[in-house]
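Reader: I would like to learn how to read salt bridges and helices in a model. Could you take me through an example?

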Amino acid sequence: MDRLKLVNRPGDLDDASCSEYEDVRRQRSASTASAVITIVFASMCLEAAIYDYAAWHLGDDYVQTNLDKMDLVSKWLVVPRLVAQREIPIGRPSHDHLKTLVRLRNGLVHKKSHPIPLSDEDLLRRVEELDVKEHEIQDGCIVAMRAIVLVSLDMDHLLGGVTINPLPSFARNSDTHYRARYTDELEALVSECRGMLTRSRKIKTTLAQS
């Protein structure tokens, strides 16, 4: 996602410059809002999928008693191991994107207050921190989308038909009717994620053979 830069607004902007400034500000605000929605809903999707997968195979009582309080990353590591004796290896792109997604989600839904800046230096520092945070959220939009696809692709690869993938399948042999509804952007994202996982597996194989 291209970052939308917003410069400090000088007091002597002409009407045309003011209009351009406001357009950029609105675009940046809309971009950030879309990224927030994507991050939160991607997290909800992954949370619901792994809970349903666990409850279906292990039972609601077991999940509520033993698994429900786990963080999302731990659930995706532990539940496939309990159900199918498979697990997403730590350090894989799917694991890394899932961790980043959870961190971004927690930063949004568990927002903490900060002291009010009392000096111009503190105020400027806080503005710069918020600017960096906003860019991170905007970049997090693609991380969130990748996380769903990467985890799904890894689950297809790891499960190998032992159990049904709790996420929509993006495998090449998945339902053709479903794949026919791919947009060009989704097709590109899935292809990118496949490449990331292929490179990761090749690196793992090379390290194992060395």
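This is a predicted model: local features need pLDDT of at least 70, side-chain atom pairs count only at pLDDT 80 or more; totals for chains, interfaces and linings use all residues.

Reader: How many salt bridges does the structure hold?

Author: To call a salt bridge, look for a side-chain nitrogen of Lys or Arg within 4 Å of a carboxyl oxygen of Asp or Glu. The structure holds six of them. One of these pairs R103 with E136, with 2.8 Å between the closest N and O atoms.

Reader: Which residue does E192 meet in a salt bridge?

Author: The partner of E192 is R146, at an N to O distance of 2.8 Å. Helix α7 (residues 184-209) holds E192 and helix α5 holds R146, so this pair ties together parts 46 residues apart in sequence. E192 has 32% relative accessibility and counts as partly exposed.

Reader: What is the N to O distance between D154 and R201?

Author: Their side chains meet in a salt bridge at 3.4 Å. D154 is in helix α5 and R201 in helix α7, so the pair ties together parts that are 47 residues apart in sequence. D154 is buried, at 0% relative accessibility, whereas R201 is partly exposed, at 26%. Salt bridges can also share partners: R92, D154 and R201 are joined in this way into one network.

Reader: Now the helix. What should helix α3 span, given its 13 residues?

Author: Count 1.5 Å times one less than the number of residues. For helix α3 (residues 72-84) this gives 18 Å, and the end C-alpha atoms are 18 Å apart, which agrees.

Reader: Which residues in α3 are buried?

Author: Among them are L72, V73, W76, L77 and V83. K75 and P80 are also on the list.

Reader: What is found at the ends of α3?

Author: At the N-terminal end, D71 caps α3, with a side-chain oxygen 3.1 Å from the backbone nitrogen of V73. Just after α3 comes Q85, which takes a positive phi of about 55 degrees.

Note on methods:
Residues are numbered from 1 along each chain as its sequence is written. Side-chain values use heavy atoms; hydrogens and water are left out. Helices (H or I, at least four residues) and strands (E, at least two) are DSSP runs, numbered from the N terminus. Buried means under 20% relative accessible area, exposed over 50%, partly exposed in between (1.4 Å probe, protein chains only). A polar contact is a pair of N or O atoms within 3.5 Å; within protein, one must be able to donate a hydrogen and the other to accept it, and residues adjacent in sequence count only if both atoms are side-chain atoms.
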